[in-house]
Amino acid sequence: MSSVSAVPNPSTSGSAAMLYGGASGRRVTVRDIAAAKERHEKWPMVTAYDAMTAKVFDEAGIPVMLVGDSAAMVVYGYDSTLPVTVDDLLPLTAAVVRGSSRAMVVADLPFGSYQASPQQALETAARFMKEAGAHAVKLEGGRRVLPQVEMLVSAGIPVMAHLGLTPQSVNVLGGYRVQGRGQSGDELMADAKALEHAGAFSVVLECVPSELAQRVTASLSVPTIGIGAGPDTDAQVLVWQDLMGLTPHPAKFVKKYFDLAGEMDRAVRSFADEVAAGVFPAPEHSYR
Ligand code: KIV
């Protein structure tokens with residue numbers, strides 16, 4: 001049996017039950033996430049795509065990491081999430097699992113890998129669980145993907161749902177715009193309830209009015225995870241390059257916690273200047 005050590009976090013250390021910053025001797029499970037909703041604990045989720053950043057986030061006490069299909073844009077440099085494939089995302093997911101020991105790692109099912117049928121969804125999700133070691137999967141859509149959600153849940157695969165702005169449908173939505181205003185809010189609410197009924201353990205709400213997100217959160221017994229959905233969802237997720245200040249033009253909902261692009265620019269220019277000046281490597285960086 002592995003020993004249990006507390007993640008050092010000033011606001012939560014010592015509280016083994018907490019989802020954020022709680023005990024780190026085992027992986028976070030869907031039961032822990034359900035329990036957090038019951039005690040009204042808010043929690044953070046971030047994306048991760050490689051082992052070293054995953055380790056930093058894991059040690060900071062982040063309880064859930066998403067290997068998002070946003071990798072299409074932030075890792076692979078495409079201008080939408082549509083081109084990324086299962087084979088592109090599998091090694092990133094495996095790296096995040098290897099780099100972490102506590103967080104639940106959720107693998108995003110990319111465009112075209114689950115929509116065709118529940119069978120296709122099961123085959124894709126099984127690859128992420130078997131080949132990459134993912135602990136759960138995420139897919140986009142409401143009632144139209146219920147058969148897929150039911151199939152995955154019945155096969156023992158935890159499913160995170162995703163409503164609102166679903167980037168894989170950007171061509172139908174007509175751009176990256178706020179969803180669920182007016183009557184379509186009722187549709188989104190019905191989708192959320194149907195997904196919960198089908199067994200989804202959580203629901204991402206992306207770019208929806210805060211008031212709608214608040215109502216959905218109050219109506220569901222599973223947690224909502226907001227991104228551009230206001231302050232009342234149970235959890236909040238951000239793409240790590242957005243929150244660290246690496247993304248050149250982030251969306252309105254992003255808060256920049258660090259200037260990583262600026263810091264990297266300064267560091268790499270210092271390195272380059274020192275190489276050009278013959279200052280690096282110094283004796284202490286050289287072997288006798
Ligand atoms: O792919 C992704 O990173 C996501 C989050 C923005 C929720 O789906």
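A: Start with the ligand. An oxygen atom of the ligand is 3.2 Å from an N or O atom in the side chain of Asp108. Keep in mind that this is a predicted model.

Q: Which residues are around the ligand?

A: Thr47, Leu66, Gly68, Asp69, Ser70, Asp108, Lys138, His162, Ile227 and Val239. Sort them by class next. The shell has 3 nonpolar, 4 polar and 3 charged residues.

Q: Where does UniProt place the feature "binding site"?

A: An unreviewed UniProt entry puts that feature at Asp69, Ser70, Asp108 and Lys138. These positions span 70 residues in sequence, yet no two of their C-alpha atoms are more than 12.3 Å apart, so they gather at one spot.

Q: Let me look at Asp108 again. Where is Asp108, and is it buried or exposed?

A: Find the element, then check the accessibility. Asp108 belongs to strand 3, residues 104-108. Buried means under 20% relative accessible area. Asp108 has 2%, so it is buried.

Q: What is Asp108 in contact with, leaving aside neighbours within four places in sequence?

A: Skipping those neighbours shows what the fold brings together. Asp108 is in contact with Leu66, Val67, Gly68, Asp69, Leu89, Phe128 and Lys138. Look closely at Asp69. Its backbone nitrogen lies 2.8 Å from a polar atom of the Asp108 side chain.

Q: And Ser70: where does it lie, and is it buried or exposed?

A: Ser70 lies in the loop between strand 2 (64-67) and helix 3 (71-74). A loop residue can be checked in the same way. Ser70 has 14% relative accessibility, so it counts as buried.

Q: What does Ser70 touch, not counting residues up to four places away in sequence?

A: It touches Thr47, Tyr49, Val75, Thr81 and Val239. Two of these, Thr47 and Val239, are also listed around the ligand.

Q: Now a loop elsewhere. What can I read at Thr166?

A: Go step by step: place, burial, contacts. Thr166 is in the loop between strand 5 (159-164) and helix 7 (170-173). Its relative accessible area is 6%, so it is buried. Outside its sequence neighbours up to four places away, Thr166 touches Glu140, Gly141 and Leu173.

Q: What about a threonine in a helix, such as Thr53?

A: Thr53 sits in helix 2, residues 51-59. With 18% relative accessibility, Thr53 counts as buried. A polar contact of 2.5 Å joins its side chain to that of Asp50.

Q: Is Tyr257 buried or exposed?

A: The cut-off for exposed is over 50%. Tyr257 has a relative accessible area of 53%, so it is exposed. Tyr257 is in the loop between helix 10 (240-243) and helix 11 (260-277). Now compare sequence with space. Tyr257 and Leu243 are 14 residues apart in sequence and 5.4 Å apart in space, C-alpha to C-alpha.

Q: Which residues have a positive phi although they are not glycines?

A: At 70% relative accessibility, His40 counts as exposed. Cys207 has a phi of about 50°. Its loop runs between strand 6 (202-206) and helix 9 (210-219). Cys207 is buried, at 11% relative accessibility.

Methods
Residues numbered from 1 in each chain as written. Predicted model: local features only at pLDDT ≥ 70, side-chain atom pairs only at ≥ 80, totals over all residues. Heavy atoms only, no water. Helix = DSSP H or I, 4+ residues; strand = E, 2+ residues; numbered from the N terminus. Buried < 20%, exposed > 50% of the residue type's maximum accessible area, 1.4 Å probe, protein only. Polar contact = N/O pair within 3.5 Å; in protein donor to acceptor, adjacent residues only side chain to side chain. Near = heavy atom within 4 Å. Nonpolar A, V, L, I, M, F, W, Y, C, P; charged D, E, K, R; others polar. UniProt positions renumbered as here; feature names shortened; annotations may be inferred. Contact = heavy atoms within 4.5 Å.
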